[in-house]
Amino acid sequence: MSKTIKTKPIRIVAMGKYLPQAMSSEALEKKHGLPTGWAMKYSGVQNRHVASQESNGWMGARAADEALQKAEMTLHDIDMLISGGGTYDYPIPNQASVIKAEMKDGNNCHTPAIDIDSTCLSFVTALDFAAKILDGKAYKNILIVSSEIASKGINPANWETLTLFGDGAAAAVVSYAPGQSSCYIKGMQRTYSEGVYHTLIEGGGNRKFFKDYPYDPELHSFQMKGKQLLKLTKKLLPDFMDWFFEDTGYTLATIDAIVPHQASKLGAALFQRLFDFAPGQVQTTLAHYGNCIAASIPLTLMAAIDEGNIQRGDICLLAGTSAGFAIGGVLLRY
C-alpha cells in the first residue's frame, strides 16, 4: 500500500472574477460570416466574453479587488501577488506589477508582484508555488490573479481558434490556515518538449522581432496543431495521472471533483474517454466562457463553488495541459 504524503494547511479563502462583454456564437458567426451553428458544433462554445476597452491589468485588478473584498482583506494583508497568465499588457514591466498598480491601494502598498507563465497551466503552477512557500511567517496570504485576453491574438480566418477562445480574469486569495480542514495535498508538472511547437504565436519575440517581421495575421496569431496535441495527450495523460496519484492515497475515482482546463470540445471528449468519471465529477464552463487560457481553471473552480458543486472539505484536482507541451495538476482539500 502506498504511503499517503503529508499535507500542508493551505486554504483558498475567497475568489473573484471579471468578465467583459458577452458575445454569443450566433453573434460571432454573423460578424465573421461563419455558417450558423458552426461554433457550437465544432468548438462547443455557446458564449464567450470579449474585451473591448479593457486591459489585462484592469481586468485582473477588478477580479483581485473582488477576491480581497470577499476575504475581508486589503492589499496590505497580502505578502505576495502572483500573476499567472500567458497574455500581458506590455513586454516590460511584468504583468503582476501592472495589475497591482490598477488595484485599490496599489500605489500605496509595496507588496511584491511577480509573474508565473506556464500558459494555460499558469494558475495551477502559481497555486502550487504559493502552497509550497506559504509558511505562516514570511508568507501568510498570497493573491493569485489570472487575467487573459485571448481575442487579440486570434486570426479571424482560423475558425477553430476564433470560436474557441474567450477573455476573462479570475483571482484567488490563498492563505496558510492551520486548524482548518482545507489543505494542499500535491502539485506536480511535467514538460514534454517533443510538443513544444504544437501551440505557438511565432512572431513578436526576439526570434522574429517586430522590427524585422512586420505584422502578419498568420505569424502574429495563435496557432495550434490540434490533432498532434490530442495524440500527445492521449499518449501521455494516463501515465501522468498514474504517476501523480501514486503516493497520495487517492485515485481519480475517489476524489470529489475535477476542474480541468477548458481546452476544447475534442479535448474534453478525450478526457472523458480516457477515464471513468462519475456523473457531475468533472466541472466544465467551456460552453459559457470558451477557453480563457490560464483563467479557465479558476473561473471554472469559482463557478463550481458558487453553484454548490464543490463544497468545503471536498477533494479537488485542478489539472490540464499547456503549450510547451506540459501536463500539470494540484490536488487539494477545498
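Colleague: In which order do the 5 strands of the open sheet stand?
Modeller: Strands (E, at least two residues) and helices (H or I, at least four residues) are DSSP runs, numbered from the N terminus. Two strands pair if DSSP finds at least two bridges between them. In this predicted model, local features need pLDDT of at least 70 and side-chain atom pairs count only at pLDDT 80 or more, while totals for chains, interfaces and linings use all residues. The pairing in the open sheet is mixed, and the strand order is 1-7-6-4-5.

Colleague: Which strands are the edge strands?
Modeller: An edge strand here pairs on one side only. That holds for strand 1 (10–18) and strand 5 (113–116).

Colleague: What is the average twist from one strand to the next, and which strands does helix 3 touch?
Modeller: The twist averages 20 degrees. Axes are lines fitted to C-alpha atoms, for helices over the stretch in contact, and angles run from 0 to 180 degrees between N-to-C directions. Helix 3 (residues 56–71) makes about 130 degrees with the direction of strand 1. Through contacts (heavy atoms within 4.5 Å), helix 3 packs on the sheet at strand 1, strand 6 (141–148) and strand 7.

Colleague: How many residues of strand 7 are buried?
Modeller: Strand 7 pairs in the antiparallel sense with strand 1 over 8 bridges, and with strand 6 in the antiparallel sense, also over 8 bridges. Its partners include Ala169 for Tyr18 and Ala171 for Val145. Buried means under 20% relative accessible area, exposed over 50%, and partly exposed in between (1.4 Å probe, protein chains only). Strand 7 is mostly covered, the buried count among its 9 residues being 8.

Colleague: How many aromatic pairs does the structure hold, and which parts does the Phe165 and Phe222 pair tie together?
Modeller: Rings of Phe, Tyr and Trp (its six-membered ring) pair if their centres lie within 6.5 Å; planes under 30 degrees apart count as stacked, over 60 as edge-to-face and the rest as tilted. The structure holds 12 such pairs. Phe165 and Phe222 are edge-to-face, at 5.1 Å centre to centre with 70 degrees between the planes.

Colleague: Which rings does the charged end of Lys186 sit over?
Modeller: A charge sits over a ring if NZ of Lys or CZ of Arg is within 6 Å of the ring centre and within 35 degrees of the ring normal. Ring pairs link Phe240, Trp243, Phe244 and Phe245 into a cluster. The charged end of Lys186 is 5.5 Å from the ring centre of Trp243 and 5.4 Å from that of Phe244. The rings in question are therefore, by the cut-offs above, those of Trp243 and Phe244.

Key
Residues numbered from 1 in each chain as written. Heavy atoms only, no water.
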